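Q: I am new to this structure and would like a close look at one part of it, with some of its surroundings.
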Amino acid sequence: MTYRTSLESAPTLKSTVLKLGRRERVIREVHALKGVSFEVPEGQVLGVVGANGAGKSTLMRTVAGILPPNSGRVEVHGRVSTLLALGVGFNRKMTGRQNVVLGGLAAGLTRDQLAEKYDEIVSFAELEDFMDMPMRTYSSGMYGRLAFAVAVTMEPEILLIDEALSVGDARFRKKSFRKMRELCTEDRTILLVSHALGSIKELCDQAIWIHKGELRMWDEPENVVDAYTEFLEVGEDAFTMEDV
Amino acid sequence: MTSLPASEQQAAPAREENEFTSERHVYEPHKIGLPPLGPYARELWRRREFAREMARTNLRAQHFNTVFGQLWLVLNPLLLACVYFLLVYILRGSGSRGVEFFAHLLAGLFAYYFISDSIRLSVKSVTGGGRLILNTAFPRALLPLAGVITAFMRFLPTLVIYIPVHIIAGLPFGPHMLWLVPLIFLMFVMASGAGMLVSALQVYFRDVKNFLPYFLRIWLYSSPVLYYADEVPDGLQWILYANPLGGLLTAWSDVLIMGHAPEPWAIGMATAWSFGIFLAGGLFFVSREREFAVRL
């Protein structure tokens, strides 16, 4: 996967016309992923670790079919659902209730499914009293809780989860971790990106470590996490940052 | 569209099943090239509720569901019609223009505003939907379509405003008015095509939206809104044919004001242009949409 990053802030017709005259192209290529190959058997949970900018999110987007690869081949068997960012499709001016519908439809649920799940979503987010208030009046924790609740209610065969799913207070985090564990134990394939190395060890069947766009390691979660922590030289401290 | 790379052609049978929902997806290098259109259209249809909900959200954000919010949406083209009426009245000198012409002006402006609102609302739909596009896989054509649906929901109440003017002008009601249904359908088709075209262009050239107001203004003046179609001098008749809205708005005025079925040339031009723009815009958008995520 190669990103073409243009040094200009935004491509415009004007600049294109100007460039035609000068015949210059200000483009620097970033190779976000280089020759990453792996396989996840059905029903298994794969953990993905790596430093910031290693290409983890790009990998997720490529698997989801959002970003087309420049070379190579991605094969996915099953219905994919992405949980890459929270609150996708939300509109802050709308009430919580309207946003549940909007976010759910954006994620590909039907209206019937949503009507069925609505109570479950609201009670999971514990926001019964706030559903008819505009989301701009929500605290950031409440916003995150509702977004998380909408996101985990989908029941796909393949789930791609990116980090930053740690929202709300300590109690809600515990609850969302339980939900994640529940999702992981059910019979579905999951790709989990996380900096919480303890969760990777606990939840995953296997793990990969991506470093600067290359596959550094593909092994049992324990081995990968140990090698990765050794590499980071942070030792056991990492396990105190318990997030999902 | 352009010739596909070899790998694309090989991969085609594998991906034919379904682009978004099938049990098996294969993603291979591609930049330009059409996804299988049948499954694409099915998925688009399956997700139509999302576009409708987005349109509804847009309207709610504009306070469309309040009385004054709706009133303003109607008042705006109504006042504009008064301005243009005054302009034409002065330019033409006194006389010949009565309520009937005002009805023509109003109907034409409302129809024109449906198309131009669609374009204005959809132009930034792709570039503005970055978070959605980067984090979810869905047929991207839903984004400009949501803009068109928003414009359509704003267009419908203006039709109600037109009715009293129609009655005051003493214009006929009759079975010929059934023509309005296919005409509105053609407008929708053209608006969707134009919306997809400009929103895809906006990804590549971010200043398309800055050029748009000038383009839309010229388009209005070259359409038979501020004048009747049969007033166009013989030497300039080609403008009515070259203008995508020429035939359509002539037919619109024929049905509403003249009170008869549209002339064959008008309805023919309208159909050809609408589907032509829809095909061009649709194919351009759909063949490029997988590249959007990289370009944002």
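How many helices and strands are there in chain A, and which way do the residues of strand 5 of chain A point?

A: This is a predicted model. Chain A has 8 helices and 9 strands. Of its 244 residues, 41% count as buried. Among the contacts in chain A with a separation of 6 or more, 69% join residues 24 or more positions apart.

Strand 5 of chain A covers residues 80–83. Val80(A) and Thr82(A) point one way from this strand, Ser81(A) and Leu83(A) point the other way, and all are buried. The strand pairs with strand 6 of chain A, residues 158–161, in the parallel sense over 4 bridges. One of the residues involved is Ser81(A), whose bridge partner in strand 6 of chain A is Leu159(A).

The surroundings can be followed through the nonpolar residues. In soluble globular proteins, nonpolar side chains tend to be buried together. Here the largest nonpolar core has 135 residues, and those touching the most other members are Leu160(A), Leu192(A), Met187(B), Met190(B) and Leu248(B). Leaving aside neighbours within four places in sequence, Leu248(B) is in contact with Leu183(B), Leu186(B), Met187(B), Ala270(B) and Trp273(B).

Helix 4 of chain B bends by about 25° at Leu75(B), and Pro77(B) follows within four residues. Pro77(B) is buried in this helix, as are Leu73(B) and Ala81(B). The buried residues of helix 4 of chain B pack against helix 5 (99–123) and helix 8 (142–168) of chain B.

Technical notes: Residues numbered from 1 in each chain as written. Chains lettered and ligands numbered in written order. Predicted model: local features only at pLDDT ≥ 70, side-chain atom pairs only at ≥ 80, totals over all residues. Buried ≥ 20, exposed ≤ 12 C-beta atoms within 10 Å, placed from the backbone. Helix = DSSP H or I, 4+ residues; strand = E, 2+ residues; numbered from the N terminus. Pairing = 2+ DSSP bridges. Contact = placed C-beta atoms within 7 Å. Core = buried A, V, L, I, M, F, W, Y, C linked by C-beta atoms within 7 Å. Bend = angle between axes of the 7 residues up to and from the residue.
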